Amino acid sequence: MTETIPHPRGDAAAPDLSPAPEGNQGGDPAPLVIYAPMRIEARAIRRGLDPASPAEVLRTGYGTTRAAQAAGQVSHRPFGPMAVMGVGAGLTADLRPGDLVVGTEVGAVTCGSAPLLAAELERAGLRARAGPITTVDHLVRRSERSALAAEGNLLADMESGPLAAAAGDRPVAVIRAVSDTPDRPLAGIVSGGLAALRSLRAAAPVLERWAAACGTRQVLLAGPRSFCAGVDRAIEIVERALERQGQPVYVRKQIVHNTRVVGELESRGAVFVDELDQVPDGATVVFSAHGVSPAVRQEASRRGLSVIDATCPLVSKVHAEARRFAADGYTVALIGHAGHEEVEGTLGEAPDSTVLVQTPEDVAALRPRDGERVAYLMQTTLSVEEAAEVSGALRERFPAMRAPGSDDICYATTNRQAAVRAVATESELVLVAGSANSSNSVRLVETCERIGTPAHLIDSAADIQLGWLEGVSTIGLTAGASAPPAVVEEIISALAGLGALSVSERVTTTESIRFGLPKEVRQ
Ligand code: SF4
């Protein structure tokens, strides 16, 4: 499946403003063109640019009429990235003079790459936010600001709308520096204006990095990716608990390792705690998908807490195996990563019989009670290759070793690693959506690196550094089992804001596994 996503453009783009077609056919990329309304703004931007930069800074003149006239000339310029920069009126109370607003929507134009640019400005030490910018035909009065802000706008100016619309299919960015705010409207315009000009100058080199990252490219989506059955179930358990008994619903540890998921559930009334002593007596607590040790269950029971267990059934299976092997007198070598919640829970099932082994060196140091009675288990979210290396070392040392009844590395982990391997071989760069504490997401990055393709773990589109994209025309994209599908969509939208994007999917297998819900939240 291939889908081409043209660079997003607004309905307001008039037909006579379309870019010159001959400029969009390869060869040297056309340089960045920056439109700035006033001479003082254009000068500040030029001073911020590298003296050797091919970027052009063009003055449009002040106000909507002049901006519309300049917009009429845009189509005569060689096709390339285009930006609008200048100062503007802050509309919300949390903006300060000198803050930068990167337009997500500018009039009818959507600037898809705005989250990337705003984040890059922040990484450069500037205060920047991405949000809607509105263009008006007069200086905004104090009384107007709250009404424009209530419509969702962060900033108002008098030029960006028609200029951005004239960009047509070319990548467009709008950066406005706040010169005056609702608290300090025109009275503070001189000092605010100076702060804004300083910010424009500092933003110019970052804008050049944005332009260097622009270009036509393709995205190869790994399939399957994103939520697995265990994560779907865990989230649904918390949602249902909230629906049934209202907030707060306490959740021990992150329900799944993803900041977006946790933030959304928090906003609906879930309270995430590290340990049970933070849960009031008699309250309801949900155990996360990673599972808990028997000691935690006993503590919850002693405290009279009402427990809903969201442990993934595939983690519960490993716990059951640990109990069974330990009861049969085996030393259990648990292959996993120290400190991970799942590992702590499994170790707690038979602490006197279970030893964590992370490397072949750990295997060499293992001292079982009886070398003929050794079994191994695995954390469910390991790298298939890494786990095979450690289990191979165990097998070599303990030939009679017992294995789990079926693979402990779960279907979702295995499938996502196989899928990302398929796209990584065709890609120059792989982006993995997932949080830093998500084991299976980190393993996806490692899988790519093992075959020589650079990969980055990103929680959101804003984590994409523009330098990663320069000169890269094929990007693999996947998401860990705890990362929501919406993050993948956001990443695609952001990349589409840098130029025309074709999106294809490489499906290595399909998944249909579903897990039932615990009785406490069943209908
Ligand atoms: S990654 Fe595997 S073990 Fe973890 S929740 Fe998903 S299905 Fe369960």
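This is a predicted model: local features need pLDDT of at least 70, side-chain atom pairs count only at pLDDT 80 or more; totals for chains, interfaces and linings use all residues.
I began with Gly192, which is placed in helix 6, residues 189-213. Helices here are DSSP runs of H or I with at least four residues, strands are runs of E with at least two, and both are numbered from the N terminus. Gly192 counts as buried because its relative accessibility is 1%. The term buried stands for under 20% relative accessible area, exposed for over 50%, and partly exposed for what lies in between, with a 1.4 Å probe and protein chains only.

Residues are numbered from 1 along each chain as its sequence is written, and side-chain values use heavy atoms, with hydrogens and water left out.

Next I recorded the whole protein. It has 17 helices and 21 strands. Its C-alpha trace spans about 85 × 55 × 40 Å along the principal axes. Of its 523 residues, 56% count as buried.

I then turned to the cysteines. How many disulfides does a search of the whole structure find? The search finds 0 disulfides, a disulfide being a pair of cysteine sulfur atoms within 2.5 Å. For Cys111, which is in no disulfide, the nearest cysteine sulfur is that of Cys214, 11 Å away. Cys111 is buried, since its relative accessible area is 3%. Cys410 also counts as buried, at 12% relative accessibility.

I looked next at charges over rings, a term that requires NZ of Lys or CZ of Arg within 6 Å of the ring centre and within 35 degrees of the ring normal. Arg324 lies over the face of Phe325, 5.0 Å from the ring centre. Arg373 lies over the face of Tyr330, 4.6 Å from the ring centre.

My last entry concerns Tyr62. Is Tyr62 buried or partly exposed? Tyr62 is partly exposed, because its relative accessible area is 39%. I found Tyr62 in the loop between strand 3 (56-59) and helix 2 (64-73).
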